[in-house]
Amino acid sequence: MRLVFAGTPEPAAVALSTLIASEHEVVAVITRPDARKGRGRSLHPSPVKELAHSHGIEVLTPQTLKDNGEIRQVLREIAPDAVPVVAYGNLIPADMLDIPKHGWVNLHFSLLPAWRGAAPVQASISSGETDTGATTFRIDAGLDTGDILGHIHEPIHPTDTADDLLTRLAHSGADLLVETMNGLADGTITAVPQPAEGTYAPKISTNDARIDWAQPAEVIDRAIRAHTPAPGAWTTLGGERVKLERVESVSGADLHPGEVRVSKDSVEVGTSSANVALTRIQPPGKKMMAAADWARGLQDTEGIEFA
């Protein structure tokens with residue numbers, strides 16, 4: 001099939017690479033415009049744009065698809081059989097959905113109708129699930145509500161961060177996307193309507209990643225892993241924000257929520273259940289470091305509390 005691919009970040013580039021290696025022809029790519037990053041705020045192309053250019057594939061970078069007559073005309077001229085979509089980052093207007101013969105087919109990193117929305121991987125970890133997956137579905141006017149074309153399962157390991165889980169899903173999901181294109185091409189796929197009811201995973205803000213030490217240890221552990229690496233779980237110490245990576249439950253439960261105890265080789269923090277041991281912490285203006293190394297640099301370790 002002739003495909004136009006729509007996607008932007010690294011997980012989308014994984015899917016694009018797999019499609020390029022398949023029997024299908026990727027004739028163009030739609031991705032977000034170059035974004036400013038780093039201290040110098042210089043413009044950087046998306047991973048999808050870089051990959052497409054390396055393969056000589058035409059790249060389209062509209063700011064928006066809404067009321068964009070030019071992009072509509074280009075798509076009509078290309079006449080793709082399908083537009084596979086992975087984390088593109090722009091809404092697809094309803095009047096563009098019927099341009100490709102088989103529609104716009106989204107790869108979503110959850111088992112729909114669970115966790116519709118922008119942050120399904122983070123939501124699945126935060127909620128304590130042990131099994132998730134990826135789903136391909138035909139985009140309609142709703143939010144991740146279109147007919148399901150295929151799905152795969154992926155276990156959630158007890159130590160998975162969002163980055164760990166998304167990396168695995170990006171690769172297994174890419175294979176699913178190719179299988180879905182194969183099925184559309186040979187007519188072997190049966191689209192299955194989704195149930196009307198589902199759960200939602202809205203876009204995560206920095207405030208959502210703040211740790212509430214009044215929660216049980218297992219909830220805090222999941223929250224930290226779900227927000228690693230972005231936007232990064234955080235708390236405050238003396239009014240300054242510090243980021244955290246990974247905690248481990250310990251046997252004691254003698255600290256009140258947020259209270260910190262520093263010993264020679266460990267840093268423990270109280271929760272509403274068991275204490276947790278910090279493994280890594282990033283103080284203001286510094287790089288992420290081992291919690292024990294951070295503690296050794298403190299001048300006074302008495303009365304420390306996270307808030």
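Mentor: Buried means under 20% relative accessible area, exposed over 50% and partly exposed in between (1.4 Å probe, protein chains only). This is a predicted model, in which local features need pLDDT of at least 70, side-chain atom pairs count only at pLDDT 80 or more, and totals for chains, interfaces and linings use all residues. Residues are numbered from 1 along each chain as its sequence is written, and side-chain values use heavy atoms, with hydrogens and water left out.

Trainee: Is Trp294 buried or exposed?

Mentor: The relative accessible area of Trp294 is 7%. With that value, Trp294 counts as buried.

Trainee: Why is the pair of Trp213 and Phe306 classed as it is?

Mentor: Rings of Phe, Tyr and Trp (its six-membered ring) pair if their centres lie within 6.5 Å, with planes under 30 degrees apart counted as stacked, over 60 as edge-to-face and the rest as tilted. A search of the whole structure finds two aromatic pairs. In the pair formed by Trp213 and Phe306, the ring centres are 5.7 Å apart and the planes lie at 20°, so this pair is stacked.

Trainee: How many residues apart are Trp213 and Phe306?

Mentor: Helices (H or I, at least four residues) and strands (E, at least two) are DSSP runs, numbered from the N terminus. Trp213 sits in the loop between helix H5 (162-186) and helix H6 (217-226), whereas Phe306 belongs to the segment after helix H7 (291-296). Trp213 is buried at 3% relative accessibility, and Phe306 is buried at 4%. The pair links distant parts of the chain, with a separation of 93 residues.

Trainee: Which residues form one aromatic cluster?

Mentor: Phe306 also pairs with Trp294, where the ring centres are 6.4 Å apart and the planes at 25°, so that pair is stacked. Trp294 lies in helix H7 and Phe306 in the segment after H7, 12 residues apart. The one aromatic cluster is therefore formed by residues that take part in these stacked pairs, namely Trp213, Trp294 and Phe306.

Trainee: Which strands stand at the edges of the sheet?

Mentor: Two strands pair if DSSP finds at least two bridges between them, and the open sheet of seven strands, with mixed pairing, has the order E5-E2-E1-E6-E7-E8-E9. Each edge strand has a single partner strand, so one side of each is left without a neighbour in the sheet. The edge strands are E5 (58-60) and E9 (148-155).

Trainee: What is the bridge partner of Ala6 in E2?

Mentor: Strand E1 (residues 2-7) and strand E2 (residues 25-30) run parallel and are joined by five bridges. In E2, the bridge partner of Ala6 is Ile30.
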